[in-house]
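Thanks for coming. I have one structure to go through today, so please look at it on the screen while I talk.

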Amino acid sequence: MCIERFANRYDSCPHSRSTINRRVNEAVESTDLRGRVYPHCLRATAASYHAYQGVAPVPLQALMGWSDLATAQKYIRISGTATADALRQAHHR
């Protein structure tokens, strides 16, 4: 609920990294999530979400701003979508 309120209040992101970090940390302070939710874990959650939705490695890399394609490939590998896609293709010929 805390994250949802944050997203509703700041629906665009024209802010610096430090501003986003500060706002996420402030939002978490009023909850029982202290120490479990922090800006970087939300970034990882976003990357995982997009990987599970089937975003390909290069677009995922561009979206997240990673310099190394291997980072995007790691999220996709963990999501299992590549395996699921391959199985679907094999069984629906």
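How many helices and how many strands are there in the protein? This is a predicted model, and it has six helices and zero strands. Read from the N terminus, the order is therefore plain α-α-α-α-α-α by the DSSP runs.

Some totals next. The protein has 93 residues, and 25% of them are buried. Of the contacts between residues at least 6 apart in sequence, 29% join residues at least 24 apart.

Now the inside. In soluble globular proteins, nonpolar side chains tend to be buried together. Here the largest nonpolar core has eight residues: Ala47, Ala51, Leu60, Met64, Trp66, Ala72, Tyr75 and Ile76. Helices H3 (39-52), H4 (57-64) and H5 (69-79) each give two or more residues to this core. H5 has the largest share, with three residues. There is also a second, separate core of five residues, among them Ile20, Val28, Val37 and Cys41.

Leaving aside residues up to four places away in sequence, Leu60 touches Ala47, His50, Ala51, Val55, Trp66, Ala72, Tyr75 and Ile76.

Last, the charged side chains. Searching the whole structure turns up one salt bridge. It joins the side chains of Arg22 and Glu26, at 3.8 Å from N to O. Both residues lie in helix H2 (residues 17-29), four residues apart, which is about one turn of the helix. Is Arg22 buried, exposed or partly exposed? Its relative accessible area is 43%, so Arg22 counts as partly exposed.

Notes. Residues are numbered from 1 along each chain as its sequence is written. This is a predicted model: local features need pLDDT of at least 70, side-chain atom pairs count only at pLDDT 80 or more; totals for chains, interfaces and linings use all residues. Side-chain values use heavy atoms; hydrogens and water are left out. A salt bridge is a side-chain nitrogen of Lys or Arg within 4 Å of a carboxyl oxygen of Asp or Glu. Buried means under 20% relative accessible area, exposed over 50%, partly exposed in between (1.4 Å probe, protein chains only). A nonpolar core is a set of buried Ala, Val, Leu, Ile, Met, Phe, Trp, Tyr and Cys residues joined through side-chain atoms within 4.5 Å. Contact means heavy atoms within 4.5 Å.
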